[in-house]
Amino acid sequence: MSTQLLVGGHIYSSSNPDATAMAVTDGTVVWVGLDRPGRALHPDAEIIELDGAFVAPGFVDPHVHVTALGLKLTGLDLTQARSLAECLDAVTAYAAAESDGVILGEGWDETRWAEGRPPTREEIDAAAPGRAVYLARVDAHSAVASTALLELVPGITEATGFTRGEPLRADAHHRVRGAALGALDRSRRDAARRAALDSAAANGIVAVHECAGPEISGVEDVRELLEFEHGVEVRAYWGQAVRTTDEARTLVKELGVHALGGDLFVDGALGSHTAWLRAPYTDRDTSGTSYLDADTVAAHVLACTEAGIQTGFHVIGDAAMDAVINGFERAVGELGGPAIASRGHRLEHAEMIDPDQIAKLAAWGVIASVQPGFDAAWGGPDGMYATRLGADRAATLNPFAALASAGVSLAIGSDAPVTALAPWEALRAAVNHRTPGHRISPRAAFAAATRGAWRAGGVRDGVAGTLVPGAPASYAIWDARELVVAAAADTVQRWSTDPRSRVPGLPPLTADAELPRCLRTVHRGTTIHEA
């Protein structure tokens, strides 16, 4: 047996809130406490001096697109383009630097530009003459493409979602994205995967949930990802609806995935005007796009539940949520609530949801996989959500506090590359929600990004995502000298914020606080990142 004893730090552990030391034997936490007894109990241990650093359970990101994130990290990142002109200049510069192959760009957002519109096909053709170019909007639910790329997709002008002069949406977008990704060779895809998973480890993340599907990345990508060796653990979700238990089991076996859900699209995204709404958008005469109806949702939930497979759906708009709730209700009517709850099914995003729907999700044990970074980027009275929906509807989005207080288990993630793979930033966004009534406490947010995220991946052993004896030694060491205990609002007085409660502290998550820096990430006793 091999034992390491971490000493001289601050250990985030519910079993010993004052802990400064932690012992790990063969990848498992075996003891947590103070330095002196730790040294006495483990005289032969390898000593790791923490020098005051903060040790906390490793993060799990429950919604990531690994290859797409890596392509953004290693390729054309348009997130920082401050105008349409800057976006086009970036395409031109990238085309000059990378003379071969398809050009993939991620992250443009016309709502941040003075021009207030996306690039046109003609502008892309001029920026990179003759090149196959695919530029995804920040929400990844629409894109612009060059003529050279469109010519690789037979019948694209007749596809649903193709409108001349506008970004590609729906099926047209999915088909063009497939053509663009299909033009990449294996070495480029593997380089992207390594960059993405290295980035995860460097941000204290020990596991990610890949949300794959036929309209997102394709069969080849998810199979390659599951074969790819890296210290960050990958749980793969496949977004394809089934109608029978045999179909569900066969699909899971053939692909090697862990569940049939994730980005199983019921609708699209608000930024691309494809989220499915009860009432039309404020700034466009449309109610969005519906990909699945209640009948399909019900059949899928029934098939997966009876097959013993976790499932879930991508759902953003309120009409989409109506369809999902209706579908689950039918499944509950056939199998009963306990059977549904036993699988830990989940919903991705769940941005527009009514109080009575929240209560139903809680009763059915459905987990909400949420992305606070969406609110940080697009929330508030002057944000994109308000532009798309009007201020009143926008203010109802992402009600984290209502979900948590009703008993819905939360899992906090990023949807990277849509928002950054930056867990502390996501926690800060949840704590400082742009609608004050939707905020949750730092402790609740941290739990949702650790224990809650493990639970969302089907791990219900009671110790995953904690640092207590018997837990896997999956942790990160952070440069974070100041630790505080805070409630969801300064006006709230709670026993948990009283020093006498001995609740372990967390780094401050106020808007102006400096966030922790990751020094080392360890998963099941193996170091996967060291600064």
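This is a predicted model: local features need pLDDT of at least 70, side-chain atom pairs count only at pLDDT 80 or more; totals for chains, interfaces and linings use all residues.

Q: How is the packing of two helices described?

A: Two packed helices are characterised by the angle between their axes together with the distance between those axes. Here, helix H9 (residues 245-255) and helix H10 (residues 294-307) have axes that come within 8 Å and cross at roughly 70 degrees. Angles of 65 to 115 degrees count as roughly perpendicular, and H9 and H10 are therefore roughly perpendicular to each other. The crossing of H9 and H10 is right-handed.

Q: Which residues of H9 and H10 meet?

A: On the H9 side they are Thr 245, Ala 248 and Arg 249; on the H10 side they are Ala 303, Cys 304, Glu 306 and Ala 307. By class, the residues of this contact divide into four nonpolar, one polar and two charged.

Q: At what angle do the axes of helix H18 and helix H19 cross?

A: The axes of H18 (residues 423-431) and H19 (residues 442-449) cross at roughly 135 degrees and come within 9 Å. That angle makes H18 oblique to H19. The crossing of these helices is right-handed. From H18, Trp 424, Leu 427, Ala 430 and Val 431 meet Pro 442, Ala 445, Phe 446 and Ala 449 of H19. This contact has eight nonpolar residues, with no polar and no charged ones.

Q: Turning to the sheets, in what order do the strands of the open sheet with mixed pairing lie?

A: The order of its four strands is E8-E9-E10-E11. Strand E8 (76-77) and strand E11 (143-145) are the edge strands, each pairing on one side only. Strand E9 (residues 103-108) and strand E10 (residues 133-137) run parallel and are joined by five bridges. Within E10, Val 133 stands opposite Ile 103.

Q: Which strands does helix H6 lie across?

A: Helix H6 (residues 170-182) lies across E9, E10 and E11, and runs at about 130 degrees to E10.

Q: How many bridges join strand E15 to strand E16?

A: Three bridges join E15 (residues 346-349) to E16 (residues 367-370), and the two strands run parallel. Arg 346 has Ile 367 in E16 as its bridge partner.

Conventions:
Residues are numbered from 1 along each chain as its sequence is written. Side-chain values use heavy atoms; hydrogens and water are left out. Axes are lines fitted to C-alpha atoms, for helices over the stretch in contact, and angles run from 0 to 180 degrees between N-to-C directions. Angles under 35 degrees count as roughly parallel, over 145 as roughly antiparallel, 65 to 115 as roughly perpendicular and the rest as oblique. A crossing is left-handed if the near helix is turned anticlockwise from the far one by less than a right angle, and right-handed if clockwise. Contact means heavy atoms within 4.5 Å. Ala, Val, Leu, Ile, Met, Phe, Trp, Tyr, Cys and Pro count as nonpolar, Asp, Glu, Lys and Arg as charged, and the others, Gly among them, as polar. Two strands pair if DSSP finds at least two bridges between them.
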